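Please look through the structure shown here before reading the report. The sections below go through a few of its features.

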Amino acid sequence: MTRDGSTPPLGATLTDDGIRFGVWSGAAERMWVSVFDADGKAETARLELQRESDGVFALHVAGLGEGTRYGIRADGRYAPDDGLWFDPGKLLVDPYALRIDRPYRYDARLAAPRGQGGDSAALMPKAVAARLPIVPHAAPAFRPGGLIYEVPVRAFTMRHPGVPKRLRGTIRALAEPVIIDHLSKIGVSAVELMPVTAVMDERHLPRLGLSNAWGYNPVTFMALDPRLAPGGIAELSETTAALHAAGIGVILDLVFNHTAESDEFGPTLSLRGLDNPAYYRPAVDDPGRYANDTGTGNTLACDHPVVQGLVLDSLRHFIVHAGIDGFRFDLAPVLGRVGGEFSADAPLLQAMRQDPVIGDRVLIAEPWDIGHNGYRLGGFPPEFLEWNDRYRDDVRRFWRGDRGLVGALATRLAGSSDSFGGGAQTRTVNFIAAHDGMTVADLVRYERKHNEANGEHNHDGHNENFSWNNGVEGESGDPEISAERSRDISALLATLFASRGAIMLTAGDEFGRSQRGNNNAYAQDNELTWLDWAERDVALEDFVAELGKLRREVPALAQVGFLSGAVPDGAQVADVEWLTEAGRAMSDANWHEPDRHRLTMLLGNGAAEGGRLAVMINGARRDVHFALPARSAFEWRQAMAGAHPGGGRFAVPARSVSFAIERPQAESPGDQP
């Protein structure tokens, strides 16, 4: 799909007098398009597609128009042991479907062998031919070093009292003024929407009475889930426009590493029935099984040109028709695997960066999968930002009280040069918590995961969370424990907002959301994951809003260059100084003190008129006085509530982060940020 919105030769292309259907398969012998009535129930025509060049089967059908419901059927050799699954009794969803008429539902008959289970048309959604809005191309609405806000679209507004009931749980709800006001309050630069394309529940969930709540199980890659966007991509486009008007970008979390067709026992829904060997990577020496670099049963063959074309067309689709600012790629090493091995120069990764439509978008990699050499933090091309799990773990461990972490903490605050040091700027996306794992509030309430509600006997999810409970596992009515937990949450979030690089906050962590210790709530589409807006911690939310304001207004916090300790050209002071609580430079011995939990990060270019910003970190379990170095004509003042100055020293409460800003002595106190 090009910038002007022209449509590729695949999919259902509306013409002046009908629809041209085009589907690719390198192994099919025959193909048909099945046309259905307006309800998507009765098959009114089955028309054979004609083989064209390069594996494309196509047919122009006069008299059809927008809203036509259809599916694809393919025939050829049926030999699952050889990776061939052709079965004309299976109605397949067009990989280029732009819209579907109802959600996917798992049914065991969809996995029945050829000749068994009957025709699957009644079990499958139908693709809907559609005309799409065209959005003028514009630069991404996201600034380097900004705050990314991870949003599970359905859970975000299902319980929001200010959102009309008919909109709750939908993409459209994000355009409501009450939601935009909240995002603006805490300083969000871009929302990152967890998967909004149509998904199918994993086959074990229905019998447990559960359903997929996260969306990381797609069937095709362009059609939005009707439950999230009943009006199709127009709703995403309109919502994006509303967010852009408020200065907020939109990033889509997309899954191009696997599909809901799962392993060899999974359902045949689309790609498997069209050309299984082309779309998926087989297991080594066994074409009847799948490579499973994703842990979900199959792995998309992103080194195949047709798969690459499908991925690129999907990205262009969301840019051209919805104005999307960027993409986060789930299990992103799969996109760079060539012959099973990851390469930063893989054709698909190169094509993304060089494409005239995609090339200027924000690109974010989750830099790990479970395949061979699958942990690739820092290994993606320089155009990609990357989720930084080392940041997550080191910051958690420091605030848990682990020994010998002050050096690691400084490295994370400074941009993680140990992982991203190949350039002048960091590519890190720093986060304390994400959708996958414990919430920030649960990190200080639970030492262990509590995933019993997932129906897997608490065997699922990570066992090590680097979490702590402040003396009681789970909820506590003890006011002292509650105060300690609140203090710890504030310290974790303040550390995040003081860090170099992009930062990410998962929706609800700014006001203390809890999942009761469940660190793998992918199947909890219920009140466990639905944000409780009525009972949110407003004081914590206001604190995060202050952090966001400080980060936006203080230049040193929003920059993405690595902190090195050097004096930049034209500057009076170093970009960073690392100090003890006594205000002296950290010595080598200080860095190696195993029980050191105190540190000051003194940032140059902290404010206008040459002032500096001091970030005073007290991980000790007692209040500590921090001294800051004085300069003539300047004085230190509190930048936020927390530290209390006295005689040039700041009393920093136990287990907290405080900020002080250096101002010219003649400046009025009313001019503080």
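Predicted model: local features only at pLDDT ≥ 70, side-chain atom pairs only at ≥ 80, totals over all residues.

A pair of aromatic rings is described by the distance of the centres and the angle of the planes. Y280 belongs to the loop between α4 (271-279) and β14 (282-283), while Y290 is in strand β15 (residues 286-290), so the pair ties together parts 10 residues apart in sequence.

## Other aromatic pairs

How many aromatic pairs does a search of the whole structure find? The search gives 19. One of them joins W214 and Y216: the ring centres are 6.4 Å apart and the planes stand at 90°, so this pair is edge-to-face. Both W214 and Y216 are buried.

Ring pairs also link a cluster of phenylalanines, made up of F221, F256, F327, F329, F342, F380 and F384.

## Charges over rings

Two arginines are placed over aromatic rings. The charged end of R328 sits over the ring of W387, at 4.0 Å from the ring centre. R631 lies over the face of F634, and here the distance to the ring centre is 4.3 Å.

## Cavities

The structure contains four cavities of 30 Å³ or more. The largest cavity holds about 130 Å³ of space. It is lined by 15 residues, and those closest to its centre are P152, A155, W214, Q515 and T529.

What classes of residue make up the lining of the largest cavity? Nine are nonpolar, four are polar and two are charged.

## An open sheet

Four strands form an open sheet, with antiparallel pairing, in the order β1-β2-β6-β5. Which strands stand at the edges? They are β1 (11-14) and β5 (50-51); each has a single partner strand, so one side of each is left without a neighbour in the sheet.

Within the sheet, strand β2 (residues 18-24) and strand β6 (residues 56-62) run antiparallel and are joined by seven bridges. In this pairing, V23 stands opposite F57 of β6.

Definitions and conventions:
Residues numbered from 1 in each chain as written. Heavy atoms only, no water. Pairing = 2+ DSSP bridges. Helix = DSSP H or I, 4+ residues; strand = E, 2+ residues; numbered from the N terminus. 1 Å grid on protein atoms, 1.4 Å probe; cavity = no way out; pocket = protein on both sides within 12 Å on 5 of 7 lines; lining within 4 Å. Points joined across faces, edges and corners; volume = space filled by probe spheres on them. Nonpolar A, V, L, I, M, F, W, Y, C, P; charged D, E, K, R; others polar. Phe/Tyr/Trp six-rings, centres within 6.5 Å; stacked < 30°, edge-to-face > 60°. Buried < 20%, exposed > 50% of the residue type's maximum accessible area, 1.4 Å probe, protein only. Lys NZ or Arg CZ within 6 Å of the ring centre and 35° of its normal.
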